[in-house]
2 protein chains.
Amino acid sequence: MSNLISKIDDIFHSKTLAVYGVSRKGGLGNILLQGFIDQEFPNLYIINPTISEPNIKIMGVPVFPDLKSIGEPIDLVICSTHPKYVKDIVIECGQYGVKAVIIFSAGFGEKSEEGKKTEKKLLEIAQKYQMRLIGPNCMGFYCPETGLSFFPALPTESGPLGFISQSGSIANIMAFSSMLKGIHFSKSISYGNGIDLGFNDFLEYLGDDSNTNLIACYLEGVKDGRRFIELVKKIKKPIIIWKVGVTPGGSKAAHSHTGSLCGNDKLWNNIFNQYKVIRVYNLEEMVSMIQAFINPMPVRDRRVAIISGPGGPAVSSADACEMNNLKLAELTKESKMRLKEYFPEFGSSMSNPIDISLQATFDPILEKKTYEIVGKDPNVDMILIYLTMLTPRYKDLIDLQKDISKPIAIVSALDVNVSADCFSKNIIRSFIHLRAKKVPGIIKKMNEHGISIHPNENLAAKVLNHIYRYYNQTYSP
Amino acid sequence: MSNLISKIDDIFHSKTLAVYGVSRKGGLGNILLQGFIDQEFPNLYIINPTISEPNIKIMGVPVFPDLKSIGEPIDLVICSTHPKYVKDIVIECGQYGVKAVIIFSAGFGEKSEEGKKTEKKLLEIAQKYQMRLIGPNCMGFYCPETGLSFFPALPTESGPLGFISQSGSIANIMAFSSMLKGIHFSKSISYGNGIDLGFNDFLEYLGDDSNTNLIACYLEGVKDGRRFIELVKKIKKPIIIWKVGVTPGGSKAAHSHTGSLCGNDKLWNNIFNQYKVIRVYNLEEMVSMIQAFINPMPVRDRRVAIISGPGGPAVSSADACEMNNLKLAELTKESKMRLKEYFPEFGSSMSNPIDISLQATFDPILEKKTYEIVGKDPNVDMILIYLTMLTPRYKDLIDLQKDISKPIAIVSALDVNVSADCFSKNIIRSFIHLRAKKVPGIIKKMNEHGISIHPNENLAAKVLNHIYRYYNQTYSP
């Protein structure tokens, strides 16, 4: 373990934590503190110099006027005060031997030249005391394993995803959106202006972290392009990046957001293609891509079989596959013969895209057998399934996967599923559906078996293409 | 009203209906029948020649061995039998004076050359009796106003959307997906192989229908391109088309689905661009675009203001706008001065994209005032708002719209909202959210005021660009 990696790992394993910026009347600091309380972080303290009475507690957490009054070593400090207090707090932390400070406060380099100068000073102070800084203008760390958090009510379960975000809000939205899809985190990191520890440091750390199987990032720009390239070249885990600043307007916005320089987008694309970084363009794409790369099945060719109850979506899915550089598989004669035994005489189609017709709704054997025959066909490398909603038949796919180990992407109007409980009179009567509360757990189980769920066929096809590219070194601009 | 239009209108206003293909043991015919029962269609009958006993009812509907035993005129017949019986049924209908037959049964022109010949015969029979045919291989009509239906449990409310679909399943999925977004139908039409009444006929009809404000279509191909062009040129309502068969694979699939010839996609694009037809590529895009065109606000320029609580999505939204041919608005000095009164000192940005920072979560005045100042700025033509979820503050926007009448597109991780009821412990505590059951009604109200809700910023920007193009004759390939 390098020095840097072991230092970051130490911060993630902090045992004592003090928060600046919590007050009796409430505010952002109190909300940050609630996150740690929810994760049952072991030793929490509040520092508030305006409260000098002894034995005061806010939200059940003891309050001290300064660090030294606590009387025990403090590993990590969260600073959520007005920016004008930050410098003195950082000095106090350095003198007290704190390992790292997460500066939530904003109003520095992203704001003005004056702010940039202050940032430089903060860094000098930290370096003097061999203390590390995260931020400013960030949410910090979320790590369910060790109880670190950046917002209340985040899940307490750990998972395989490591997430790095320049934007705190996106780290936060991601945590909630992912929860609904059963995706959980090893670590999530929001580093904002990144004046000390930055994107490359965290990328290196997660690349090495044994609890992280895949890495996803929201990125505005990096400071050291050469090191970034070396890292993505070296790391043998899927890396998914939502890189913004594609256009002049976006670049300008990024600069006023975290002071980032986005760089030439074409150049970024070339790097991503060369080093198999998977690029996405919004949160919805990000969540789809993460699902597909939690346990992607190795694949050697890109012949897709499309299975669809409804005929219309089968046609559109065929378009989506060809537009995403995939080929439509030609089933073997044997498979077609076997399908014939189960297929309805009319309204169905056995040539790819395979349309199992409306009858699938009433004939579970038809659906199950189609998955089996098509899934085992040697001419089929990957499968795209278009369903109206998830049904309990998802188990057939998981069972089949043990035999075939092929990437499977499902398109599903999932919101119907999740909503079914609420609009029950209309929907429960017409469809076999899963209870909403069970949906995240089921998606999680499917993801673990290389099966992912998507809101539309274009995204499902994009995901399959990226799995193929990931295993076949065929990335090109 | 032309002869054709009044004939189709007559079919939509059928008062008596007989269904072939309903049996004691159940099946697809029974499911279709349930749809009409749910819509409280006035006079329903079942025709089943294998049941000759008098006074038999299935699902509460009286059964007769043939039409003439009913003893009253029948306006419309639904035929859901094995295809081999269809010809004789059509003859019987013609002789009995039925106005139209919806042929649900498949296994005709989409299947074989033999099937094409049968279709020709069916058409000859119908023409001999001046009777109209819908299908075969279709779901038929859904019209809440008159009680027509093609699936159980469809909403009984009417709305402004006319929908035409070559695919029955898509007509069906659309009905349910739309319901969750508060979108309702004047008429929805699934015409399948369209051997008699086809796409152009229904397009002409909906173009003239006073209950239909906008038209959306799923299309594989049309038989008479010249007439299609004349129609889209003539109709002064927004027309949204999901045209499939973009690629060779998709075209082939469409041909085996409904026997359609998709034609050259580039040519289609040219026609769509020239005649302001709005093209979408999947159901998710379709639902977004429909929302935006339920009551689109007229707009003369394409300068967008982006308002976002979180900074990251603001950057990505700026990218999305520029990628979709929109410009970032430059706020007036006056607006910036006024914003300054309400804006937090740090973590926010007043230059477009406007980042109201995390503080918006706790400061409803900030959100409301930002909408107001930005909305009234003369340099702003349209507004894109990125929210984590819908909150009760949507009312501020509706109020504002009465003053400004500008297109507003909201990006929202709505599934979080709809799911909030189910995952309440985690989510209700952290966010102000709306109860799931209320979401469709609220979206409906927003759509009626020119405010639409989208799953990602790229779709929101695409929608705004199409509104601009719709009002400014600037469609080009």
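Is B:Phe199 buried or exposed, and at what relative accessibility? B:Phe199 counts as buried, at 4% relative accessibility. Here buried stands for under 20% relative accessible area, exposed for over 50% and partly exposed for the range in between (1.4 Å probe, protein chains only).

A word on the ground rules before the points. This is a predicted model, in which local features need pLDDT of at least 70 and side-chain atom pairs count only at pLDDT 80 or more, while totals for chains, interfaces and linings use all residues. Residues are numbered from 1 along each chain as its sequence is written, chains are lettered from A and ligands numbered from 1 in the order in which they are written, and side-chain values use heavy atoms, with hydrogens and water left out.

1. **Rings in chain B.** Over all chains, the structure holds 36 aromatic pairs. Rings of Phe, Tyr and Trp (its six-membered ring) pair if their centres lie within 6.5 Å; planes under 30 degrees apart are stacked, over 60 edge-to-face, and the rest tilted. With centres 5.4 Å apart and planes at 10°, B:Phe12 and B:Tyr205 are therefore a stacked pair. B:Phe12 belongs to helix α1 (residues 3–12) of chain B and B:Tyr205 to helix α7 of chain B, so this pair ties together parts that are 193 residues apart in sequence. Helices (H or I, at least four residues) and strands (E, at least two) are DSSP runs, numbered from the N terminus.

2. **A tilted pair.** B:Phe199 forms a tilted aromatic pair with B:Tyr191, at 6.3 Å centre to centre and 50° between the planes. B:Tyr191 is buried too, at 3% relative accessibility.

3. **A charge over a ring.** Have a look at B:Lys187, whose charged end sits over the ring of B:Phe12, 5.6 Å from its centre. The criterion is NZ of Lys or CZ of Arg within 6 Å of the ring centre and within 35 degrees of the ring normal. In chain A, A:Lys276 lies over the face of A:Tyr470, 5.0 Å from the ring centre.

4. **The sheet in chain B.** Strands β9 (residues 158–165) and β10 (residues 185–190) of chain B pair in the parallel sense over six bridges; pairing takes at least two DSSP bridges between two strands. The open sheet has six strands in the order β8-β10-β9-β11-β12-β13 (chain B), with mixed pairing. Its edge strands, β8 (140–142) and β13 (278–280) of chain B, each pair on one side only.

5. **Helix α4 of chain A.** Which residues of this helix (86–96) are buried? They are A:Val86, A:Ile89, A:Val90, A:Cys93 and A:Gly94. Seen down the axis of α4(A), the buried residues fall within an arc of 135° and so line one face of the helix; the arc is that of the directions from the helix axis to the C-beta atoms. On the other side, A:Asp88 and A:Gln95 are exposed.

6. **Backbone spots to check.** A cis peptide bond, with omega about 0°, joins A:Gly135 and A:Pro136. A:Pro136 lies in the loop between β7 and β8 (140–142) of chain A. A:Asn137 lies in the loop between β7 and β8 of chain A and has a positive phi of about 65° although it is not a glycine.
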